[in-house]
Amino acid sequence: MAISRRKFILGGTVVAVAAGAGILTPMLTREGRFVPGTPRHGFVEGTEGPLPKQDDVVVIGAGILGIMTAINLVERGLSVTIVEKGNIAGEQSSRFYGQAITYKMPDETFLLHHLGKHRWREMNAKVGVDTSYRTQGRVEVPLDEEDLANVRKWIDAKSKDVGSDIPFKTRIIEGSELETRLKGAKSSWKIAGFEEDSGSLDAEITTFVMAEYAKKLGVKIFTNCAARGLETQAGVISDVVTEKGPIKTSRVVVAGGVWSRLFMQNLNVDIPTLPAYQSQQLISAAPNAPGGNVALPGNIYFREQADGTYATSPRVIVAPVIKESFMYGYKYLPLLALPDFPVHISLNEQLINSFMQPTSWALNEESPFEKYRDMTALPDTPELNASLEKLKTEFPAFKDSKLVDQWSGAMAIAPDENPIISEVKEYPGLVINTATGWGMTESPVSSEITADLLLGKKPVIDAKPFSLYRF
């Protein structure tokens with residue numbers, strides 16, 4: 001995804017405010033529903049044959065976080081099995097926006113992204129295949145003078161202490177340099193932040209390439225094989241129970257994306273997250289349009305892909321109201337004061353479904369994950385169409401670009417927007433890596449942290465800000 005999700009899901013408070021403001025009818029017609037789908041573009045076959053009887057580590061979830069964690073563990077000499085309820089990258093990992101950026105990132109997540117960009121820059125050489133990664137400059141024009149002042153302070157602070165020996169390459173640009181970066185723009189933009197070493201990854205390619213690489217290293221990936229839960233002996237994990245049978249192991253990683261909370265509920269462990277969906281689209285190449293990555297006031301965003309097409313998004317979050325919104329939506333209220341992009345509250349059948357959804361089940365019966373193999377959110381088509389018209393107005397070079405695809409990605413976000421990468425005290429040997437809208441950017445480093453925690457080693461960076469027990 002692009003910039004930080006600042007305004008958010010407000011549960012019952014927002015529903016009441018929205019109703020009082022007379023906007024309940026639009027809420028009832030907005031998208032924000034989870035429906036069956038397929039991997040958005042690529043496809044990688046799962047491992048054939050029976051499940052192993054036992055393995056060193058079992059990873060639950062074959063999205064980018066699960067795959068990168070498995071790769072990291074295999075590189076440390078462990079044998080790893082991934083179990084996935086649907087297809088590899090069947091959900092969010094084939095629907096990300098694809099920015100690898102650090103721009104305006106707070107201290108807690110800055111190094112995750114800064115080191116992540118560096119890891120991705122080396123990835124093509126490491127795996128011997130084009131992952132789609134490209135280093136490309138990113139221009140972001142500040143929203144106003146206050147935003148510009150904050151950016152200057154942030155750049156100054158990071159320039160003095162980046163927290164790493166990898167150089168910090170973000171600066172302010174203006175004049176002819178900015179004009180060149182925004183060639184053909186109708187507006188006269190005067191000043192911007194420029195992240196020279198930002199990166200780009202394409203949802204059609206990256207996760208599928210990394211999954212093939214994982215299989216080449218010996219990672220076993222069993223698709224259409226939902227994990228139902230864990231068994232323990234004497235307080236220690238003994239088995240991961242799947243729909244196809246148990247796998248003996250003492251080490252488990254949960255990287256189930258939006259499903260992690262539900263899986264952990266069956267273990268009586270609470271992960272405080274709420275769902276959010278972001279719509280995006282792909283348009284055809286525009287030879288005379290600016291390259292790289294651009295973010296402008298007025299909700300104009302675009303990013304050039306490896307094949308010359310452009311990914312673009314209106315940066316509008318759709319937040320469905322669910323049972324948990326009423327339980328702890330208040331924890332998200334402070335995010336309202338932080339300027340970013342609009343949130344559309346969606347009131348639909350997902351609210352009813354959330355009250356009907358079982359949160360506990362026996363391990364010898366069908367789990368909810370077997371009913372929902374590959375799920376996706378419906379895109380907010382009116383917002384996508386409107387944003388494309390804005391883009392074409394600002395940059396006439398896009399006027400002949402054709403719509404290639406529209407989609408929506410699903411995220412589960414914690415109240416402070418930081419990911420959850422944490423040991424689970426109640427289950428020694430269990431680590432979770434979840435709750436992020438930046439999984440692609442963070443995955444090379446979050447997977448290292450996950451492996452470090454699982455093996456009792458000091459994490460590559462301080463993991464305290466990502467602990468489950470910070471809430």
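Trainee: How are helix α3 and helix α13 packed in this structure?

Mentor: In this predicted model, helix α3 (residues 64-75) packs against helix α13 (residues 439-454) at an angle of about 45°, and their axes are 8 Å apart.

Trainee: Which residues make the contact between α3 and α13?

Mentor: From α3 the contact is made by I64, L65, M68, T69, N72 and L73, while α13 brings G439, M440, S443, P444, S446, S447, E448, T450, A451 and L454. Sorted by class, the contact of α3 with α13 has eight nonpolar, seven polar and one charged residues.

Trainee: How do you know whether E91 and K85 are buried or exposed?

Mentor: Buried means under 20% relative accessible area; E91 has 15% and K85 has 10%, so each of them counts as buried.

Trainee: What are the relative accessible areas of D156 and K160, and how is each residue classed?

Mentor: The side chains of D156 and K160 also meet in a salt bridge, at 3.2 Å from N to O. D156, at 39%, lies between the limits of 20% and 50% and is therefore partly exposed, whereas K160, at 67%, is over 50% and is therefore exposed. Because D156 and K160 are four residues apart in helix α6 (residues 145-160), about one helical turn separates them.

Trainee: Why can the salt bridge of D202 with R303 be said to tie together parts that are 101 residues apart in sequence?

Mentor: D202 and R303 form a salt bridge whose closest N and O atoms are 3.0 Å apart. D202 lies in the loop between β9 (199-200) and α8 (206-217), and R303 lies in strand β17 (residues 300-304), so the pair joins parts that are 101 residues apart in sequence. Both D202 and R303 are buried.

Trainee: Which residues do salt bridges with shared partners join into one network?

Mentor: K104, R138, E140 and D147 are joined in that way.

Notes:
Residues numbered from 1 in each chain as written. Predicted model: local features only at pLDDT ≥ 70, side-chain atom pairs only at ≥ 80, totals over all residues. Heavy atoms only, no water. Axes fitted to C-alpha atoms, helices over the stretch in contact; angles between N-to-C directions. Helix = DSSP H or I, 4+ residues; strand = E, 2+ residues; numbered from the N terminus. Contact = heavy atoms within 4.5 Å. Nonpolar A, V, L, I, M, F, W, Y, C, P; charged D, E, K, R; others polar. Buried < 20%, exposed > 50% of the residue type's maximum accessible area, 1.4 Å probe, protein only. Salt bridge = Lys/Arg side-chain N within 4 Å of Asp/Glu carboxyl O.
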